[in-house]
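The following paragraphs guide the reader through a protein structure, one region at a time. Please keep the sequence and the three-dimensional view at hand while reading.

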Amino acid sequence: MTKTVEGYRVGRSVPPDLYGRGVPDQTVSIVTDALDKWFALLDNGEYSSDFASPPLARELALTLERREVLCRDQMVVRLTFVAAEAVDLPSWSPGMHMDFQLPSGRKRQYSLCGDPADRRSYTVAVRHVPDGGGGSAEMHSLELGAGLTVRGPRNGFPFVRGGAAVFIAGGIGITAILPMVRSARLLGMDWHLVYCGRTRDSLPFLEEIESWNSDRVVVRTNDVDGIPTAAQLLAAAVGGAVYCCGPPPMIDAVRLAFDDVPATHLYFERFSPPAVRDGVEFEVQLVDSGTIVTVPADKSALQAIREVKPNVAYSCQQGFCGTCRTRVLVGTPDHRENRLTPEEQHDEMLICVSRADGGRIVLDL
């Protein structure tokens, strides 16, 4: 280390002190000497791959191995994928999801709902939405042995391992919540689950959930109990964190009422696009055809454009995945996302959430 420190000092001088004396400044000398020795320690350290982070998997080739119907209305299937090659898959934790590239070119996100300890497979559960964008129908129609390319895992819905937790799931939102509750049970956390849906026949994983501690689980269905109020959803939130995943009205109700309960943290994830707030009507012109589309104040540009151009690419509908990123040729967007850089926002927008403040914009579509 001594030779390394001496090497740093070759050709370098410490400035004189502030009192005009012809000696190096004492404070600068001490600080410089300390930094020299610190950097020498770093330079002389030996690299060990044992402490290196694993490489981030950008794309994976998966094959559909199992397909199971999960609920009585037949609308939810559990799909288990394995690596095309017999290798361990990247690890994941509760709340993470995968980006699926479907054979049609569509991109969709699905929460992982299997066992994080299983490094040989990824499991998702998908509800078929007949009037959706076609992604769920395509997932349901996959045949065993079908190959897909996926990206991830990624996490936009973190789970904190400790403390008290109230989990609120609506319908297929249970897929993101389920691994969290399983983990909370294993950790011995103070947890409660509120699981809501239209009918019992529509609720996946119900048999497993009702096998848990009955005093910690509340199952509500709209046909029997009515649509739950925020107070009913948050009744057990006497401290700790609240995790919520489900339809936008449920999430909005929980968010508005959260300040009235003694819980300290709120985490949520949407499975469908949020409602448009403070929107104004504007026009979008599609440059390829010249078609002019009117975007109502309560609709997204993506929704309006899909009525005349149904094959336009999209995925999350919430402004984070970037699939619907589109060049703006004329006009100034009202950006309602945080994904694009300020430079990118000059001539691009995410049409699933961003808008225009009236007038017309021309898009490269």
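Which residue in β6 does Phe 100 stand opposite? The model to be consulted is a predicted one, and in it Phe 100 faces Val 150 of β6.

This contact belongs to a pairing of two strands. Strand β3, residues 96-101, and strand β6, residues 147-155, are paired in the antiparallel sense over five bridges. In general, the strands of a sheet pair through backbone hydrogen bonds, and the pairing is either parallel or antiparallel. The two strands are part of an open sheet of six, whose order is β4-β3-β6-β1-β2-β5 and whose pairing is antiparallel. At its edges are β4 (107-111) and β5 (121-127), each of which pairs on one side only. If direction is ignored, neighbouring strands of this sheet are turned by 40° against each other on average.

A pair of aromatic rings is described by the distance of the centres and the angle of the planes. The count of aromatic pairs in the model comes to eight. In one of them, Phe 81 and Phe 100 have ring centres 5.4 Å apart and planes at 55°, so the pair is tilted; the tilted class lies between stacked, under 30 degrees, and edge-to-face, over 60. Because Phe 81 lies in strand β2 (residues 76-83) and Phe 100 in strand β3, the pair ties together parts that are 19 residues apart in sequence. Phe 81 and Phe 100 are both buried.

A further pair is formed by Phe 157 and Tyr 243, and this one is edge-to-face, with 6.4 Å from centre to centre and 65° between the planes. Which parts of the chain does the pair tie together? Phe 157 lies in the loop between β6 and β7 (164-170), whereas Tyr 243 lies in strand β10 (residues 241-246), so the parts that are joined are 86 residues apart in sequence. Phe 157 is buried, as is Tyr 243. Ring pairs also link these two residues with Phe 159, Phe 167 and Tyr 267 into a cluster.

Attention now turns to another sheet. Five strands in the order β13-β12-β18-β14-β16 form an open sheet with mixed pairing. Its edge strands, β13 (292-295) and β16 (348-350), each pair on one side only. From one strand to the next, the twist averages 40°.

Strand β12 (residues 282-286) and strand β18 (residues 360-363) run parallel and are joined by four bridges. β14 and β18, by contrast, pair in the antiparallel sense over two bridges. Leu 363 of β18 takes part in both pairings: Leu 363 is the bridge partner of Leu 286 and also the bridge partner of Val 328. β14 and β16 run antiparallel as well, joined by three bridges, and here Arg 325 stands opposite Leu 350 in β16.

Strand β14, residues 325-330, also contains Leu 329. Together with Val 287 and Val 330, Leu 329 makes a nonpolar surface patch of about 220 Å².

Terms used: Residues are numbered from 1 along each chain as its sequence is written. This is a predicted model: local features need pLDDT of at least 70, side-chain atom pairs count only at pLDDT 80 or more; totals for chains, interfaces and linings use all residues. Side-chain values use heavy atoms; hydrogens and water are left out. Patches are made of residues with over 30% relative accessible area and no salt bridge: like charges are joined within 9 Å, nonpolar side chains (Val, Leu, Ile, Met, Phe, Trp, Tyr) within 5 Å. Accessible areas come from the Shrake-Rupley method with a 1.4 Å probe; for residues, only the protein chains shown count as cover. A salt bridge is a side-chain nitrogen of Lys or Arg within 4 Å of a carboxyl oxygen of Asp or Glu. Two strands pair if DSSP finds at least two bridges between them. Axes are lines fitted to C-alpha atoms, for helices over the stretch in contact, and angles run from 0 to 180 degrees between N-to-C directions. Rings of Phe, Tyr and Trp (its six-membered ring) pair if their centres lie within 6.5 Å; planes under 30 degrees apart count as stacked, over 60 as edge-to-face and the rest as tilted. Buried means under 20% relative accessible area, exposed over 50%, partly exposed in between (1.4 Å probe, protein chains only).
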